[in-house]
Structures are given as C-alpha cells and as structure tokens.
Amino acid sequence: MKHLKLYRICLRTAFSQALAYRADFVMGSLITLLSNILFPLVTVLIYANGATFPGWNMWEVLLVQSVYSMSTGLASMVLSSIVWVTMDHIRGGSFETVLLKPISPLFFIMATNCDVQSISLFAGGVVMAVISACHTGVAGIGAIGSFLLLFVAGFMVLCGMDLIMAAISFKWVGNSRIPEIFDSISNFGKYPLSIFPQAVRVFAVMVIPVAMIGFFPASALLGRLDPKAYLSIIPCALFMCFGIWLYNKMILLYEGVGG
Amino acid sequence: MKKLLHMWRECKAVAFVTYKEWSAYRTHSLVSVFVGPVYFIVQYFIWSAVYGGEGTLAGMEFSQTIRYFGASALIGYLTMDFADWNLQMLVRTGKFLTFTMRPIHHRFFALSQKFGHRVLGFFFEFLPCFLIFIFLFRIDIRPVSTGWTLLSVAMAFLMNFYVNYCLGMTAFFLVKSSGVRVMYQLFAQIFSGALIPLNFFPDVVQKIMLFLPFQYTNYIPAMVWTGSESIGSMGLNVPEAVVLQAVALGLMMLFSEALYRCAIKRFTAVGA
C-alpha cells in the first residue's frame, strides 16, 4: 500500500515535470508516434508487392505488431529508465545516493524515473491494434480475457529483460549498447512465430519468451491461440523473477568509484 | 602538394588518436558481432517465409535480397557516424569555441576522427561479421565488383558524414537539435533501405528519393555490392548508380559548405 501511494506521487511528479517543457514533450511524443506509424511499413510494403507471410493476412500481422508496440510502449514508460538510470549511476559512481534511500533501490529507480513520453508509443499501439482488430475481428469476450492475461505475461518478459540489462551494467560498466543485444532478440516477437524454424520457436517460447510480447496475445484476440501457449506464462514469470534476483544480486558488485 | 601532405599528416594523427581512444571501449564495438548476425537471422527467416516458392519480388530474387541485407549490415559498420551528436554538443556547451581557435577546420577534424573510429569498426565489427556471414551462415557476401563497391562505400561513408555534419550544424540555429536528429534518423531508417530495399516502395517514392540523401548512404552501395543490374525505379546499372552517387555527394558537400558559412556567423561561444 505504501509503495502504491509512493508510486502515485512519483507518477504525478513525472507528469508535472514533463509538462513543464510542453513543446519538448509534444515534439518527443509526436516523433515517437511517427516512429510507431512507420514501424509496420515493412509489412504493408511486403503485402503491397503481392507477397504474404504464409497463413497470415496483412491485418493479422499488423495486429501482432501493434500489440508488440503496446507492450514495449508500456514497458518503456514504466521500466526502461531502470537500465539507463542504473547505468548512469554506476558510470558516475553515484549509486550510493540510491542505496541510501529507505526503500528498495529497484523500486526507487522505477518510481522516480517514469518515462511519460512513451505514453504516445502505447497509445499509438492501441490505435493501430483497434484498426487492425476492426479488419480481422475479435474471437469474443473470452478472447479479450486471454489477451489481457497474455499481455501481462508479455510485460513480465520485458520487465525481466530490462532488469537483466540493468544488472549486467553493474559488471559491464558504461556499455550503452547492452539494450541493442536484447532489442535484436526481441525482434523474434514482432512476427508470426510460424515463420521461424522449430529451434527458434522453442527459444522464443521457453528460453527468452519474446513470443509472449506480441504474437501470443494477438493470436488470442484472433482466436488462433494454441492452448499450450498458456504454459508459456510460467517461463515468463520465471524470467521476471530471475531479472529481479539478478539485479539485487549484482548490486553487491557495486564499487562506488565510477567507471 | 605540400598542403595535401600536411592535411594527410593531420588526418593520420587525429585518426590514430581517435582509434586509440576508442580502443579502450573495444567491447562496445564487439556488441555488433552479436547484434548484427541476430538481426540478419531475423531478416533471413522473414524473407524466406515471404518469398515462399516465388522467384522474384519487386525485381529481386531471394538470394539477392539476403545478400542485400548482409551487405547493408556490413556497410553500416563501415559508414556509421555520430558527427551530428558531437557537433551539436560542442555548440550547445560552447566548447566549439576551442575549435574556432585551432589551425584546422572543425569539419576536417571531425572527418579525421571518423576515419579513426571506423578503422576500429572495421576490425571489431565489419571483419568478424563478414567472416560470420561467410563461414557460419554460408552466404556468399563477397562484392560482385570490388572496385565499384569500394568506390560506392567510400562515397556512402562521406555522404553519411556530410549529412550528419549538416544536421549537427542545425545546433547553431536551434541550440538543441536533438528533435531534428531523431526525426532524420527515423526517416533515414526507412528510406535508406536499411529495413527493406527501396524496390518495394512505389515508383513515385523511389523517384522522390533520388533527390534526398537517404538512399546514397545505404541502398545504392548495397545494390552495387550485390552487383544488381537494375538499381531503383530508373533501372540504373552499377556505373550509372555510382556516378549518380558522386553527383549527390558533390551537391551535399557544397550544401554543407554553404550551411557552415551561414551557421558560423550565429555562433556566440557562450553555450546554452
């Protein structure tokens, strides 16, 4: 309860801060929104040239990609700062200021660094998902329930990824390219899983469950979900737990001299 | 001749220092050895599925498309640039002042820095990925015509630098030019052909792209690398495409010089 109250206050502060520089906020949000519109362009161009992803029409693929945008938008808003703020503190040797706070360092960083601008990425994803769903249709109320459940699982995967990235930065000091490693892997979650070979599918479902970020929730909405997909929620939860454990473990490596 | 020799010495000295400076962050470059091949694998599966049994799409065969993406990734390592970020930071903080007092043009200094930085990129990004593509993925990524490819990539290298330098110069007018830079990067990602070859775009868009700098940094060199016989909507052959790239580069250099003369008058040297 105390944490919720604190988070609400921090969120309000983050919004006030963002609105203090309204032009920057609007410009940044517009750019994010535009990037969101351009992201599915590859899919549109592929279909415009008469090609297809076998078994998937254009709107179905766009739905997968819009759900992916929604997940990453939400994660970016709530979690992405963990990586950059942790990295900056370690490089600058100022992580003590976080450790001295009478609250979990992880929660403190997450609550005090909400990226409000990413709201446009999430909103853009929602709009695109609604447009795609209007063309594909939704399998029913039950499908929406499944979608929400799997969407939360996808969020857990992104949470795990951000925490692992932040944890790595305790050892691999000052490498701003760590997020690129995970970005490249999460690309497997942007497309229908059926286009990848079996080994990649197992990896994307069981090892780093990136299929849960876009593919599985969208499949649930379309009524194309294999019931076995619900089992993938377990690796998602485990992945997030591993991220939390690793982050807290890696804090012990902090030396406080900067990098 | 004496002046050229002097410039070469200056360039070598700055490039060497930059190389040594960035060598301290070798693992920073080595991230590409993982990221590049993973992106390539994703592209491989996407395009395998898209092509299915079809022979050609947008005038490109499957093998050519795959080689295009491989070449595109490798060209990216050779031409990568952040002169825009550097220059806008120098202008915003006022540190550019120190360069106005040095007996070397800042643009030449920045270009020399880029040479040093990319030599490092050649050893720690380009070469490992090139070998991974050939020996691990079994893709014949060797350029069809080495001479034309070297020329085209060299011009892409300069084009990328001059475009980025111009973007950096917007800081003389806007102080903080991050919005312009992000906007450019967004369009460059799409229209340089890094995500999808420009052949897939409608004819009108391809024609408009002839007048913009994006395709000269990636699409044309990648097509030259793969030895395409018909580049873009105009169906250019390799020598024609390289000549077009040279014309575009010349215009960009002139524009950069004009913009510099205009921008330097606005420099107040006090930072912001």
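Visitor: In what order do the elements of chain A run from the N terminus on?
Guide: This is a predicted model, in which local features need pLDDT of at least 70, side-chain atom pairs count only at pLDDT 80 or more, and totals for chains, interfaces and linings use all residues. Residues are numbered from 1 along each chain as its sequence is written, while chains are lettered from A and ligands numbered from 1 in the order written. Helices (H or I, at least four residues) and strands (E, at least two) are DSSP runs numbered from the N terminus, and chain A has 13 helices and zero strands. The order is α-α-α-α-α-α-α-α-α-α-α-α-α.

Visitor: What radius of gyration does chain A have, against that of a compact globule?
Guide: The radius is taken over C-alpha atoms, and the globule rule is 2.2 Å times the number of residues to the power 0.38. For 259 residues this rule gives a value near 18 Å, with which chain A agrees, having 19 Å.

Visitor: Which element supplies the largest share of the side of chain B that touches chain A?
Guide: Counting two residues as in contact if their C-beta atoms, placed from the backbone, lie within 7 Å, 25 residues of chain B are in contact with 24 residues of chain A. On that side of chain B, α2 (26-51) and α9 (178-191) each supply at least two residues. The largest share, 12 residues, comes from α2(B).
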